[in-house]
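Reader: I have a structure to look at. Can we go through how its parts are described?

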Amino acid sequence: MRIFLEKKIGQNCASLDDGAKVLQLISPELLKGSTVELDFKGVNLILTPFLNSCFGKLLEHFGKEIIMTHLVMRNVSDEILQRINGFIDQKDMEFTK
């Protein structure tokens, strides 16, 4: 499954609601053991509320290993990728404490 964030959310992935929408699309696929592709083409901005309600919840429910192996990011800028990876690493450290 491939999710085009610009079509589902818009150019700015900013709010808790935005993250919750993406979480609802990803979670059932991960539960089935499927791989999900997040396509960031056209996305200019990722904010912490979005990261918390999407990636934070995914980490809580599935763990870092599943996220890293079953969630593929396409057409993502280096800046956004660094922000996402930094967020995932930070949350993973919090969960393992």
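Predicted model: local features only at pLDDT ≥ 70, side-chain atom pairs only at ≥ 80, totals over all residues.

Reader: How far apart are the axes of α3 and α4, and which way do the helices cross?

Author: The axes of α3 and α4 are 9 Å apart. Their crossing is right-handed. On the α3 side, the contact includes Leu51, Phe55 and Leu59. On the α4 side, it includes Ile84, Phe87 and Phe95. By class, this contact has eight nonpolar, three polar and six charged residues.

Reader: Why are α2 and α3 described as roughly parallel?

Author: Helix α2 (residues 16-31) and helix α3 (residues 48-70) pack at about 20°. The cut-off for roughly parallel is under 35 degrees. The angle passes, so α2 and α3 are roughly parallel to each other. Their axes lie 7 Å apart, and the crossing is left-handed.

Reader: Which classes of residue make up the contact of α2 with α3?

Author: They divide into 13 nonpolar, four polar and two charged. Among them are Leu23 and Ile26 of α2, and Phe50 and Leu58 of α3.

Reader: How do you know that the charged end of Lys7 sits over the ring of Phe4?

Author: The charged end of Lys7 is 4.9 Å from the ring centre of Phe4. The distance cut-off is within 6 Å. Lys7 counts as sitting over that ring.

Methods
Residues numbered from 1 in each chain as written. Heavy atoms only, no water. Lys NZ or Arg CZ within 6 Å of the ring centre and 35° of its normal. Axes fitted to C-alpha atoms, helices over the stretch in contact; angles between N-to-C directions. Helix = DSSP H or I, 4+ residues; strand = E, 2+ residues; numbered from the N terminus. Parallel < 35°, antiparallel > 145°, perpendicular 65-115°, else oblique. Left-handed = near helix turned anticlockwise from the far one by under 90°. Contact = heavy atoms within 4.5 Å. Nonpolar A, V, L, I, M, F, W, Y, C, P; charged D, E, K, R; others polar.
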